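Hi there,

Here is the structure I promised to pass on to you. Have a look at it first, and then read my notes below.

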Amino acid sequence: MILLKKAASKTAEISVLTVFSGIFAGYALVVYPIERIALKQSKRTQKTKIKYASQF
């Protein structure tokens with residue numbers, strides 16, 4: 001019985017660790033680069049707007 005509890009506890013611990021590792025890796029590989037590109041684009045757009053707004 002105690003052995004079964006230890007095994008279940010270890011399995012739950014490994015499952016949680018795996019899920020959070022997957023979430024972190026997914027964010028690092030997919031979401032973060034997209035956010036960086038969007039930030040660069042928005043900064044470039046703001047600079048362009050400021051540059052051409054003074055001409056009007």
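The chain exposes about 5500 Å², an area from the Shrake-Rupley method with a 1.4 Å probe. Carbon and sulfur atoms supply 71% of that surface. Please keep in mind that this is a predicted model, where local features need pLDDT of at least 70, side-chain atom pairs count only at pLDDT 80 or more, and totals for chains, interfaces and linings use all residues. Residues are numbered from 1 along each chain as its sequence is written, and side-chain values use heavy atoms, with hydrogens and water left out.

The secondary structure comes to 1 helix and 0 strands (DSSP runs: H or I of at least four residues for helices, E of at least two for strands). The C-alpha trace spans about 80 × 15 × 5 Å along its principal axes. Of the 56 residues, 0% are buried (under 20% relative accessible area; exposed is over 50%, partly exposed in between, with a 1.4 Å probe and protein chains only).

Lysine 43 lies in helix α1, residues 2-53, and it counts as partly exposed because its relative accessibility is 48%. Valine 30 is also found in helix α1; its relative accessibility is 47%, so valine 30 counts as partly exposed too.

Enjoy exploring it!

Best wishes
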